[in-house]
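Thanks for coming. I will go through one structure today, one part at a time.

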Amino acid sequence: VNEQEMSTLLARAADAVPVDVESLVAGGVARGRAARRRRRAGAGVAGALGVAAVVGAAVVLVPHGGSSVVVEPAGQPGVAGSTASASAGSSRSALTKPIPSSVLDEPHATYPAAPDAALTLHNEAIHAALAQLLPAGTMGPILTDEQYPARDQGNHRAQFFLYDGALVTFIIDPAKGSETCESFAAAADPAAGYSSCRTVGDTQVMTESQPRAGLNAAMVWHHGYEITVISYDNAPATTRNPALDGKKLKTVSDTPPLDVPTLVAVASSDAWFE
Amino acid sequence: MAMRESEFEEFARARAPQLLRSAWLLCGDRHLAEDLVQETLAKVYVRFARLDNPAAYAQTTLVRTFLSLRRRRSSSEQPYADLPDRAVEGDGPELRLLVGEALSALTPTDRAVVVLRYLEDLSADEVAARLGLSAGAVRNRSMRALARMRERSLS
């Protein structure tokens, strides 16, 4: 077998592989939409920092063996000043109550194409509300590092903070018709830790738990908004360095401090709306 | 520049068959290959509006994603040591099996070199640029891979 014959052999063998073009394209589009959404949820809000910044930590919600970007921080920022210790309260226990499977199995209910509630809270007020909603723990202020730019404009909110020393991301954006809960779920592999798209009352929920990536996440479609809350097991990076892709951030706990039910409960809260 | 999704879909439909062929030769498994192609298309989707040559970007992304996944999943995986000698006949499943076995005797990087050189018909310089290798290394890997495939399976 010479080089020319090898080319012919490879082509003959590969040509015989059945191709389902539409399935490949649909899967690529769905994953691409999900990736774009992730980037908006993370680095997207960083604006000029570009997509590679993606919150400087493990990129989230990467479907099926996707490329979770994990970078070594140039330095450990430590826990930012503890300003808000969440205290236990009755609302918390209700929020973190496990969602009955019978409810999760309901078929998809109505879902507004446009916001049907006003996003009345701004970032500081949202942060204070989060302190009430989250379980007791050490909660830092909204990060101001350039890698973690808060956003507080129009119907967009984004903030990053430390909870028990680990990074948490909270984002609200108006829902986009092309990026539905179903489309995310269709692109995600349950074996990789993604849930299906579930309906809970007037809310749609998709969750992710990826021990290897060190994160728990909840994405909730509610009142025409997408609310994303992500809890990592690691501290944030302090410098952006995409070249460090493949190296792992230093973890600060065995698992993300906030579990999936808690994230779902927080993301599903009506506290942000009027 | 905003991306028109219909343009991406048109591109993806045109390129998907070739990407799957390459992916199948790289992965040796149809389902893994389909997953690799979808992951590749997703990466192209995100950058599509800014790409001058999306076809080349897709091919490079496919190979690099394959190599990246292989590094993560099995850094200790070794190529097959021994494969049966069989003659190559026909274009059916037997041929696919033989070629797949021959390729599985190679390291992931050598497999990528073979696919880019002999399926995609790229020059050693082009392969080197896409894989981050020197042209000399590509030539050496090509020769070594061909010899191994000849010895092990394809006669």
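Before the first residue, one cut-off: a residue is called buried when its relative accessible area is under 20%, exposed when over 50%, and partly exposed in between. What I am showing is a predicted model, and I will come back to its confidence.

Start with T207(A). It sits in strand β7 of chain A, which covers residues 203–210. Is T207(A) buried or exposed? Its relative accessible area is 8%, so T207(A) is buried. Which residues does T207(A) touch, leaving aside its neighbours within four places in sequence? The contacts are G193(A), Y194(A), S195(A), R198(A), A217(A), A218(A), V260(A) and V264(A). V220(A) is 13 residues away from T207(A) along the chain, and the C-alpha atoms of the two are separated by 8.4 Å.

Now chain A as a whole. It has 274 residues, and buried residues make up 51% of them. Its secondary structure comes to seven helices and nine strands. If we take the contacts in chain A with a separation of 6 or more, 68% are between residues 24 or more positions apart.

Next, confidence in chain A. The average pLDDT is 68, and 61% of the residues score at least 70. Where in chain A is confidence lowest, and where is it highest? The lowest is helix α3, residues 90–95, with a mean of 27, and the highest is helix α5, residues 123–133, at 95. Residues 43–111 of chain A have a pLDDT below 50, and the model gives this stretch 180 contacts beyond near neighbours in sequence. Residues 238–248 of chain A also stay under 50, with 30 contacts in the model beyond four places in sequence. Where pLDDT is low, the predicted coordinates should not be read in detail.

On to chain B. Here the secondary structure comes to seven helices and zero strands. From the N terminus on, the elements run α-α-α-α-α-α-α. Chain B has 155 residues, and buried residues make up 51% of them. Of the contacts in chain B between residues at least 6 apart in sequence, 64% join residues at least 24 apart. Chain B exposes about 7400 Å², and carbon and sulfur atoms supply 47% of that.

Look at the helices α1(B) and α2(B). Their axes come within 8 Å and cross at roughly 145 degrees. The crossing is right-handed. Residues making this contact include F8(B), F11(B), L19(B) and W24(B) on the α1(B) side, and L36(B), V37(B), L41(B) and Y45(B) on the α2(B) side.

Some of those residues carry aromatic rings. Over all chains, the structure holds six aromatic pairs. One of them is F8(B) with F11(B): the ring centres are 6.4 Å apart and the planes are at 45 degrees, so this pair is tilted. F8(B) and F11(B) are three residues apart in helix α1 of chain B, residues 5–27, which means that about one helical turn separates them. Both are buried.

How are the rings of F8(B) and Y45(B) placed? Their centres are 5.1 Å apart and their planes are at 90 degrees, so this pair is edge-to-face. F8(B) belongs to helix α1 and Y45(B) to helix α2, residues 30–47, so the pair ties together parts of chain B that are 37 residues apart in sequence. Y45(B) is buried, as is F8(B). Ring pairs link F8(B), F11(B), Y45(B) and F48(B) into a cluster.

Last, two backbone angles. Most residues other than glycine have a negative phi. D164(A) has a positive phi, near 50 degrees. D164(A) is found in the loop between β4, 156–163, and β5, 166–174, of chain A. With a relative accessible area of 39%, D164(A) is partly exposed. In chain B, D121(B) has a positive phi near 60 degrees. The loop that holds D121(B) runs between α5, 108–119, and α6, 124–131, of chain B. D121(B) is exposed, with a relative accessible area of 62%.

That is the end of the tour.

Conventions:
Residues are numbered from 1 along each chain as its sequence is written. Chains are lettered from A and ligands numbered from 1 in the order in which they are written. This is a predicted model: local features need pLDDT of at least 70, side-chain atom pairs count only at pLDDT 80 or more; totals for chains, interfaces and linings use all residues. Side-chain values use heavy atoms; hydrogens and water are left out. Helices (H or I, at least four residues) and strands (E, at least two) are DSSP runs, numbered from the N terminus. Buried means under 20% relative accessible area, exposed over 50%, partly exposed in between (1.4 Å probe, protein chains only). Contact means heavy atoms within 4.5 Å. Rings of Phe, Tyr and Trp (its six-membered ring) pair if their centres lie within 6.5 Å; planes under 30 degrees apart count as stacked, over 60 as edge-to-face and the rest as tilted. pLDDT is the predictor's confidence in each residue, from 0 to 100. Axes are lines fitted to C-alpha atoms, for helices over the stretch in contact, and angles run from 0 to 180 degrees between N-to-C directions. A crossing is left-handed if the near helix is turned anticlockwise from the far one by less than a right angle, and right-handed if clockwise. Accessible areas come from the Shrake-Rupley method with a 1.4 Å probe; for residues, only the protein chains shown count as cover.
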